[in-house]
Amino acid sequence: MNETTEPPAVKLTGLTKSFGANRVVQPLDLEIRQGEFFSILGPSGCGKTTLMRMITGFETPTGGSVELDGKNVDAVSTKSRDLNMLFQSYALFPHLSVYENVAFELRVRRTAKREIDTRVREALELVRLGAFAERKPAELSGGQRQRVALARAVVGRPAVVLLDEPLGALDQKLRKEMQFELKRMQREVGITFIYVTHDQEEALTMSDRIAVMSEGRVLQVASPTEIYDEPASRFVATFIGSCNILDGVVDAEGRGVVVPGVGAVPALVPATAVPGSGVALAIRPERVSMRALGAAAPADGVRATLVERAFLGDEWTFHVRLETGAVMTVSVPSGEIAAELGAIADGADVLLSWSAAAARVLPAEAAVTAASPASATSALKGAAA
Amino acid sequence: MVDVNTPRTSRAAGYLMLLPAVAVITLLVIVPMVVIARDSFAVSDPLGGNLGGFTLDNYAKLLDPVYAKTLGYSLGMAALNAAVCTVVGYIVAYYIATRPAKTQPVLLVLVIIPFLTDFLVRTFAWITLLGSGGPFISLLRLLGVEAQSLVPSQLAVTLSLLYAFLPVAVFPIYASMRSIDPSLKEAAADLGAGWWQTHARIFVPLSASGLASSVMLTFVPTLGVFVIPVLLGGGKDPLVGNLIVTLFTEFRNEPLGAALSMVVLVLMLLSVAAAGLILRARSGSARAGRSRSPKKASAV
């Protein structure tokens, strides 16, 4: 695909929305490429659903414009926009069979009968529901209904399909299966998918690119690995996966970071960092290594006390308290846990270390405070799920 | 199962509590109906006296073109009124059902309020509204249109019938429309359906049960209306209801009036049965999805 000549599938310019005095979407610019699996990720109430509804035309923007495939659609109603939506509730027509649900758009658009049949069968094959054509939505399981909704959304071959938290109503196991299914189907049909979710795992698994939103703003647009490894802000670092955040100050030479009460710690300081300025260090729990502070001479590292541990199946999570009182999380894959580590008793002193590359220096912003600073609870990745 | 006595005593108590209702229905509905049914086969003397006995003459007399014409006209008016009420009721119900949740009850109360006033009073109100000194005619004259009083007229009858039965149409339609997932409307728009297609393909089929109830609840009582045609139609085009009143009171021919009443009753029962059959067929096919799932079909 040649991205320089092809107009973006969706281009938002200065798009903003207020409900009364409440501005839910701050003016934002965004470009979504053709054929991309693009996720809009953010906590509930961050404006992602409103943003999506402005793209579909269900909501009229307070300002800014929407372009689809290079054409401005501000004056085009939902029914004439070349996009379809997969609703959170699926919004299947209860009085119509699976077949008629999928055929709905083609019938409305007065497609020839024979073509309707071919395309509906194709779409049902895509979602593997060919045998269920005559059923009513009420006779399907949640996962099957979702597939029908997807078939209905793609059967008209729109340029863009928007998916509004479609996996929310499914159980955990089915959700994981559907993540891969959705990705497969998106590749097969080659339609641009815009996937709206609050679930960071879903976004990471499926997306080509992710836009992280908070309080009506897009904070970062990047690939899943970039979002995870190189978060641009404290909010992104803590919202995607779990992350330890240490507040520190860039040292006089501008090469290292000093955490008050702990001392100099390894960190990859960007060349642009201003010596003496306050920064936040973001360190992923799995990139911290922990050793018992034994009789051996204390090597380079940060001293801490092991507070508690939790077994999560695929990994062990340790909570340690630094001398400053700050709590950090360390995680170790359960298969790789060393006997030495297992032998450390709760309350024992430990030594933490990490490579400079693992500690990302972020601006010590106070602007986005939606996420509490990486607390021990938010770091307990997956424990709640 | 565990305690055999309690259900038995409570069942007896249940019957006891049903007694007042059964008594009321028996005395006020069943007994008069039996009397009317009996009278419809009675012999009448030339002065209208009820002589008893058994004859089919009364029913035979109803075949007279005068009566048949009124019956046909009534059925036509009832059908027209049911259609107009259901269409207008659909529009009103859709409007109410798509308002914010907080305003819906207010609008529903507004629909009911006129219903709390006496039927006769409301009908008289229409005479004032459409009469020569009323606001409607005054407005027309103000606009330079030379208009006479609209009472009595066919239009006044139609309007007044609509007004009288609209709430009866709005409620069942609103009830079935309220259970429609609002995202279906967006889904239809998203899939390219315009206003007409959205209603024809989604909202009308999904509120079919409410529409059928509305047709039935407006058609059947319209057959029995007798005040409106007299007051607003000048009695020129009587409905069956008027005819029955006339037969009983002016002609003093009770057996003939009773026979006509029985005919209307049978027509009403037939229309209710027809509506019931249509509804059952619809909901049956809606739930069972063409014989595929017998388990769920039985859950109706």
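Tyr99(A), Val102(A), Ala103(A), Leu106(A) and Arg107(A) of helix α2(A) come into contact with Ile116(A), Arg119(A), Val120(A), Ala123(A) and Leu124(A) of helix α3(A). Sorted by class, this contact between α2(A) and α3(A) holds eight nonpolar residues, two charged residues and no polar ones. The structure described here is a predicted model. In chain A, helix α2 covers residues 98–108 and helix α3 covers residues 113–126, and the two pack at an angle of about 130° with their axes 10 Å apart. The crossing of α2(A) past α3(A) is right-handed.

Chain A contains 10 helices and 20 strands. Along the principal axes, its C-alpha atoms fill a box of roughly 80 × 45 × 40 Å. Chain A has 385 residues, of which 41% count as buried. Among contacts in chain A with a separation of 6 or more, 67% are between residues 24 or more positions apart.

Two loop residues of chain A stand out by their backbone angles. As background, most residues other than glycine have a negative phi. Asp69(A), which is not a glycine, has a positive phi of about 50°. Asp69(A) sits in the loop that links β4 (63–68) to β5 (71–72) of chain A. Since 17 other C-beta atoms lie within 10 Å, Asp69(A) is partly exposed. Arg128(A) is likewise a residue other than glycine with a positive phi, here near 60°. The loop between α3 and α4 of chain A is where Arg128(A) is found. Arg128(A) counts as partly exposed because it has 13 C-beta neighbours inside 10 Å, and a residue would be called exposed at 12 or fewer.

Arg135(A) is also placed in the loop between α3 and α4 (142–154) of chain A. This residue has 19 other C-beta atoms within 10 Å and is therefore partly exposed; a residue is buried at 20 or more. Between Arg135(A) and Ala75(A), which are 60 residues apart along the chain, the C-alpha atoms are separated by 38 Å.

Attention now turns to chain B and its contact with chain A. The contact draws on 22 residues from chain B and 21 residues from chain A. On the side of chain B that touches chain A, α8 (183–190), α9 (195–206) and α13 (254–288) each contribute at least two residues. Helix α8(B) provides the largest share of that side, with six residues. By class, the side of chain B that touches chain A is made up of nine nonpolar, six polar and seven charged residues.

Another helix of chain B, α10, runs over residues 208–224 and has 17 residues. From its first C-alpha to its last, α10(B) reaches 25 Å, which is close to the 24 Å expected at 1.5 Å a residue. Because 12 of its 17 residues are buried, α10(B) is largely enclosed by the rest of the structure. The buried residues of α10(B) include Leu211(B), Val215(B), Met216(B), Leu217(B), Phe219(B) and Leu223(B), along with Ser213(B), Ser214(B), Thr218(B) and Thr222(B). Gly210(B) and Ala212(B) are buried residues of this helix too.

Technical notes: Residues are numbered from 1 along each chain as its sequence is written. Chains are lettered from A and ligands numbered from 1 in the order in which they are written. This is a predicted model: local features need pLDDT of at least 70, side-chain atom pairs count only at pLDDT 80 or more; totals for chains, interfaces and linings use all residues. Axes are lines fitted to C-alpha atoms, for helices over the stretch in contact, and angles run from 0 to 180 degrees between N-to-C directions. Helices (H or I, at least four residues) and strands (E, at least two) are DSSP runs, numbered from the N terminus. A crossing is left-handed if the near helix is turned anticlockwise from the far one by less than a right angle, and right-handed if clockwise. Two residues are in contact if their C-beta atoms, placed from the backbone, lie within 7 Å. Ala, Val, Leu, Ile, Met, Phe, Trp, Tyr, Cys and Pro count as nonpolar, Asp, Glu, Lys and Arg as charged, and the others, Gly among them, as polar. The expected span of a helix is 1.5 Å times one less than its number of residues.
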